[in-house]
Amino acid sequence: MGFKHDLLVYTTLECESPEEMAACMHKAKQEGADLVELCIDSLTFSHISQVEHLLKQRTLPSIVSFRPRNSEWKKACIQVLKLAVELDVEFVEVDREVVCDEVMAELMSRRSNSKIIVSSYVNGGNPTEERLCNLIINLQSTGADVVKLVIDVAYITDVAPVFHMLTHTQVPLIARAAGDRGLISQLLGPKYGAFFICGSLGGKSTPGLPPLTSIKEVYKLEYVNPDTRVFGVISNPVGHSKGPLLHNPAFRHTGYNGIYVPLLVDNVKEFFRVFSCNDYAGFSVGIPHKEAAVRCCDEVDPLAKSIGAVNTIIRRPSDSKLIGYNTDCEACVTAIEDALRVTFQGKIFPERKKTHGHASNVSPIAGKLFVLVGAGGAGRAIAFGAKSRGARVVIFNRKYERAKALAAAVSGEALPYEHLNDFCPEMGMILANASAVGMQPKSDQTPVSKEALRSYELVFDAVYTPRNTRLLQEAAEVGATVVSGVEMFVRQALGQFKLFTDGLAPVDFMRRIVYEQF
């Protein structure tokens, strides 16, 4: 079986029966896999002939692997690997624990076209460049055609040595950083010369592996090359982010050689220290790093500095300095303003009111009581935006001291979180949720009771996964105007994309993606 592309996308199949493995192989083919790794050690079979039948009937090029769980399994392992070579399976993977001169010599003598992969699983410890280099040399000395490393990583910065190995190793190398923080080892691997990329089969999510369908449809990794500029969202958690679904198609639409990836970051300062080259060109900043990221910037836009939070960082090519911005502020406030200008009858509130015979720009937020839930990075942006439009800002936050500090910064008022449902000094207020309450997977939660929502004219929720949160559903049911976090998301993303590409942003295209796919 031949291959159509230089980059090969595969998935690992661990199944209980040969029949299930055959069905999964068919599904992998439908989802765009170029080949599959058949983990024979996961199968329950009574005779080697069942494995032989599976291999003869395979519908995709394959890697046959068998990892012995104990010494008793070693005999079965060698038997399966010999069979795979005799059947001319494309790749036969030998675990480091099984490798010896005798086994390798026998496999080499029996093979016709099969390539021999020697693999090692690195568990625990710090995967330094020196450690990985020594391991690769050791595996290469076995005579392997291909070397494979699967490395457990504790932090996203542990992936950097993997990229170094991909770039500098002379032997063909398959490398994967396992775990949630290792995802970029696959998404960015092609930039560093990786020719094998692993993805997860639909319905079988594996930490650290992108879904097969996203490799082909969202990231289109076959177009990633050494000149591709890296962008991403720095957050923890990061799995909820829709940024890759928006920015990657927008890059392709504009012909910009960039990729946008999820970055599960624990220590933002350490992340920027390790990934410091100009190729890492721009970042969205999410929960909980928006305030800490300010201290990582060499320069901060005046608006972001006054807010005390950044949601966008650009690495300036001329000097590699990190420049921080905040596109959340205008995105949220303008979304609320536009919604307020429209009545339920479809009438437009005048944007300009007459003052002593002269037209003046007056925000529909001006003078209104603006109730904000959450005093984190997004909350700070919204609070400063509301203040700039003349609103009276009241802040509730689980940590009362944070609410007081933000209220002082915007000349507002802070109240204890437990009083939120009872707060009703007037009707027609605006509510903005900038906390994570209601975000998937806890989408059954809401920061404010349905009964309390009757006091609000408009309710905004910064949470956009799910798009229609419980808070918004209940607000609509009691007659309030609702504004989804999706609207804020697309507006701030447009601002970010302009910064990423120095002014290039396909507005209509990006809006269409958001409202068709989210």
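Helices (H or I, at least four residues) and strands (E, at least two) are DSSP runs, numbered from the N terminus. The structure is a predicted model, in which local features need pLDDT of at least 70 and side-chain atom pairs count only at pLDDT 80 or more, whereas totals for chains, interfaces and linings use all residues. Residues are numbered from 1 along each chain as its sequence is written, and side-chain values use heavy atoms, with hydrogens and water left out.

Helix H15 comprises residues 470-477, and its residues Leu471, Leu472, Glu474 and Ala475 are buried (buried means under 20% relative accessible area, exposed over 50%, and partly exposed in between, with a 1.4 Å probe and protein chains only). Viewed down the axis of H15, the buried residues fall within an arc of 165 degrees and therefore line one face of the helix; the arc is that of the directions from the helix axis to the C-beta atoms. These buried residues pack against strand S20 (429-433), S21 and strand S22 (481-483), contact being defined as heavy atoms within 4.5 Å. Just after H15, glycine 479 adopts a positive phi of about 95 degrees.

Strand S21 (residues 456-461) also contains glutamate 457, a residue that is paired with lysine 368 across 89 residues of the chain. The two form a salt bridge, with the closest N and O atoms 2.8 Å apart (a salt bridge is a side-chain nitrogen of Lys or Arg within 4 Å of a carboxyl oxygen of Asp or Glu). Lysine 368 lies in the loop between strand S16 (358-361) and strand S17 (369-373). Lysine 368 is partly exposed, with a relative accessible area of 21%, and glutamate 457 is partly exposed at 29%.

By the salt-bridge rule, the count comes to 30. One of these joins arginine 181 and aspartate 266, whose closest N and O atoms are 2.6 Å apart. Because arginine 181 lies in the loop between strand S7 (173-178) and helix H7 (184-187), and aspartate 266 in the loop between strand S10 (258-264) and helix H10 (268-274), the pair ties together parts that are 85 residues apart in sequence. Arginine 181 is partly exposed at 23% relative accessibility, as is aspartate 266 at 33%.

A further salt bridge connects the side chains of arginine 511 and glutamate 487 (2.7 Å, N to O). Arginine 511 belongs to helix H17 (residues 507-517) and glutamate 487 to helix H16 (residues 485-500), 24 residues apart. Arginine 511 is partly exposed, with a relative accessible area of 25%, whereas glutamate 487 is buried at 12%. Through shared partners, salt bridges join Asp338, Arg341, Glu487, Arg491 and Arg511 into one network.
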